[in-house]
Amino acid sequence: MVDIQRRAVVITGASSGIGEGFAHEFARRGNDLVLVARRAAALETIARTLRNAHDVHIDVIACDLSDLDAAANLPTALLERGVTASGLINSAGFGTAGEFIAEDPNRITSEILLNVGALTLLTRLLLPQLVATRGVIVQVSSNASHQPLPGMAVYAATKAYVTSFTEALWREMKGSGVRVLALCPGPTATEFFAVAGSETFKVGAVAEVKNVIDGAFRHLARSQAGPVLTVGKRNQLQGVLSRTSPRRLRLAVAARLVAEAS
Ligand SMILES: NC(=O)c1ccc[n+]([C@@H]2O[C@H](COP(=O)([O-])OP(=O)(O)OC[C@H]3O[C@@H](n4cnc5c(N)ncnc54)[C@H](OP(=O)(O)O)[C@@H]3O)[C@@H](O)[C@H]2O)c1
């Protein structure tokens, strides 16, 4: 039995990019928020702006979610603040551009722990609260989840996990009142590519964060919303083609697109 306190939407990766975009839109809609990422100063600046603009309550939790002990501590941190999660937006994540053989083993471990481990753990730990509040879960996956990506192999594999996990959860949550979405953007104008180590590693057109967020809210408002939203017509077509193509062909096409972009 969950004792519902003050409801708030928990957003990981809220210090920049897509997570910050979700923070602005949820605050504009009058939701209290809990913003999570490593950069405390960036989170505090965003929190101050949103409090002033929308008169909502915003908590900031600065932590490194690739440390799963820190992720596991989040429900306690919410309890201490008198918050019950009415939304979980898992946007914290990063990729690494380059051949697998050249990747830093420690960075690979952090990437998997953050993109897969923390996302799964937070979803499990907060799910009872989200069921009690009939809340919303958005897992920020990627267009890269629809096919393996030579040149970004670990990243695409982590996102394939996120989409697969979220689809199954969507089905399990049917009838619970909890809305579940695997959001799959294509290249989007954020800090992602700088962090990944290649600004040029962008396949196709680059979307603005606002388009991604608007698409997600439009999708969630539908009564029959499906489990996955691939953002943008071109990305949707690419996803369908790669899912229906022979494996060797889709790998050759993905490798070619990446080579041309990098
Ligand atoms: N941009 C794209 O083209 C694109 C496309 C498809 C999917 N995505 C996905 O979208 C999500 C958001 O990325 P973005 O594009 O918005 O990039 P971004 O601007 O780099 O944002 C990434 C966020 O994750 C946080 N983060 C990174 N490592 C963390 C850690 N160890 N612990 C806690 N927070 C951490 C960062 O904050 P701190 O540095 O302050 O910790 C930042 O707030 C990611 O999951 C990414 O895979 C992006």
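These entries record what I looked up in a predicted model.

**Ligand site.** I began with the shell around the ligand. Of its 30 residues, I18, R38, D64, Y155 and T190 come nearest. By class, I read 13 nonpolar, 12 polar and five charged residues in this shell. I then asked which helices each supply at least two residues of the shell. They include α1 (17-28), α6 and α7.

I looked next at polar backbone atoms. One of G13 is 3.0 Å from an oxygen atom of the ligand, and a backbone N or O atom of I18 lies 2.8 Å from an oxygen atom of the ligand. I noted that the protein covers 96% of the 880 Å² of accessible area that the ligand has on its own.

**Helix α6.** I checked the length of α6 (residues 153-172): its 20 residues should span 28 Å at 1.5 Å a residue, and the end C-alpha atoms are 29 Å apart, which agrees. I listed its buried residues, among them Y155, T158, V162, T166 and L169. The buried residues of α6 pack against α5, β5 (136-140), β6 (179-184), α7 (192-196) and β7 (228-230).

**T96.** I located T96 in the loop between β4 (83-90) and α5 (105-132). Is T96 buried or exposed? I count T96 as buried, because its relative accessibility is 8%, below the 20% cut-off. The T96 side chain makes polar contacts with the side chains of R107, at 2.8 Å, and E111, at 2.5 Å. Beyond four places in sequence, T96 is also in contact with residues including G151, M152, Y155 and A196.

Notes
Residues numbered from 1 in each chain as written. Predicted model: local features only at pLDDT ≥ 70, side-chain atom pairs only at ≥ 80, totals over all residues. Heavy atoms only, no water. Helix = DSSP H or I, 4+ residues; strand = E, 2+ residues; numbered from the N terminus. Buried < 20%, exposed > 50% of the residue type's maximum accessible area, 1.4 Å probe, protein only. Polar contact = N/O pair within 3.5 Å; in protein donor to acceptor, adjacent residues only side chain to side chain. Contact = heavy atoms within 4.5 Å. Expected span 1.5 Å × (residues − 1). Near = heavy atom within 4 Å. Areas by Shrake-Rupley, 256 points an atom, 1.4 Å probe, with all protein chains shown as cover. Nonpolar A, V, L, I, M, F, W, Y, C, P; charged D, E, K, R; others polar.
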